[in-house]
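Here is a short note for a colleague who has not looked at this structure before. Please read the points with the model open.

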Amino acid sequence: MRIIRFSLLAVLSIAAVSTLLYSYYGYSPAPPRIQLSGELSEGTITIEARDRSYTAYIPTELAKDPALVFMLHGSLQTVKGLRESTAYQFEQLAEQHKFIVVYPSGYKNNWNDCRGEANYPARAENINDIKFITSLVSEFHQRYGSDTAKTFIAGYSNGGHLGFRFALEHPNSVAGIAAISASLPTADNLACKDTGKAIPVLIMNGTEDPINPYYGGQVTLFGLGNRGRVLSSISSAEHFAHKAGHHGAPSETKHFLNNRADDSTATKYYAWRDDEHPEVILYTIVGGGHTIPQEYFRPPRILGASSKEINGPAEIWAFFARQIRRVDTAGK
């Protein structure tokens, strides 16, 4: 009886400790919902005999020939989880600037990106995510008149890596990409062929990311699920900058002023930008983790710190908006 009682106490103690650890490291409170006037809808499209699903936010009022922004979730994340982790900021931005935002769902919550050593389902089964996204581009162009020359991809983690695949292999399909918590694979881990064509690229990475190492190295999910090696964040940005025709150091460096007592991070960016070449920009979140910067949602602590100094979605939209102005200017 004493042994049974001791065992029961041990189990209860382990359960209590596990609950406390989850509460501190794994729990994340839901962000406040934003009241918007547009329509949030779900849909499916058949790609190579598979039904692929997506969620879209259509503002009540759209711009003429509106931009189309795809926001891609991370590995094992859901569309719901991504919308929460961005605190619905892309929908609010879509409402303000009259563009369409689409959240596609990855195959078994993964994307088939360029990391050759990765073995998650989308890569193992060679799922055609390129056709999925490009088919949605055609779908929204036909239904809402979105401008195919103003198609953008923003992706978090695994979603950012699919953005890299578009930038490398299908640059004519998009007007620019933004990758959060993602770096280019090293040459021995690169399963995509670079066409050599340059497009605008934004990278937003934290220096204390526990999954995607800022300074380069092995990518794992806390020691599990090997994704192979990646370049450093600066080398990733330099790859796209050099391909775009920029030479030497960045043309602009900006340090954001952080006066928040509840934010231990600091943000700066390096930009390769002029009137002749595609823009490339690297946001470095000093002290930041595997997170999307914004002040309205606290991600699980296990992912590291999240900057409240900048609004990541707003910075990404500002980057896309600059490319739209270039497209509009070139068309005149």
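How are α3 and α8 oriented to each other: parallel, antiparallel, perpendicular or oblique?

1. The model is predicted. In it, the axes of helix α3 (residues 89–97) and helix α8 (residues 312–330) cross at roughly 40° and come within 9 Å. Angles under 35 degrees would count as roughly parallel, and 65 to 115 as roughly perpendicular; α3 and α8 are therefore oblique to each other. Their crossing is right-handed.

2. On the α3 side, the contact involves Q89, F90, L93 and H97, which meet P313, A314, I316 and W317 of α8. Sorted by type, the residues of this contact are 6 nonpolar and 2 polar, with no charged ones.

3. Q89, F90 and L93 are also among the buried residues of α3, together with E91 and A94. Just after the helix, K98 has a positive phi of about 65°.

4. The sheet is open, with 10 strands of mixed pairing in the order β1-β2-β4-β3-β5-β6-β7-β12-β11-β10. At its edges stand β1 (39–47) and β10 (252–255); each has a single partner strand, so one side of each lacks a neighbour in the sheet. On average, neighbouring strands are turned by 15° against each other, direction ignored.

5. Within the sheet, β5 (residues 151–156) and β6 (residues 176–180) run parallel and are joined by 5 bridges.

6. Helix α7 (residues 233–243) lies across β7 (201–206), β11 (266–272) and β12 (280–286), and runs at about 170° to β12.

How values were computed:
Residues are numbered from 1 along each chain as its sequence is written. This is a predicted model: local features need pLDDT of at least 70, side-chain atom pairs count only at pLDDT 80 or more; totals for chains, interfaces and linings use all residues. Side-chain values use heavy atoms; hydrogens and water are left out. Buried means under 20% relative accessible area, exposed over 50%, partly exposed in between (1.4 Å probe, protein chains only). Helices (H or I, at least four residues) and strands (E, at least two) are DSSP runs, numbered from the N terminus. Axes are lines fitted to C-alpha atoms, for helices over the stretch in contact, and angles run from 0 to 180 degrees between N-to-C directions. Angles under 35 degrees count as roughly parallel, over 145 as roughly antiparallel, 65 to 115 as roughly perpendicular and the rest as oblique. A crossing is left-handed if the near helix is turned anticlockwise from the far one by less than a right angle, and right-handed if clockwise. Contact means heavy atoms within 4.5 Å. Ala, Val, Leu, Ile, Met, Phe, Trp, Tyr, Cys and Pro count as nonpolar, Asp, Glu, Lys and Arg as charged, and the others, Gly among them, as polar. Two strands pair if DSSP finds at least two bridges between them.
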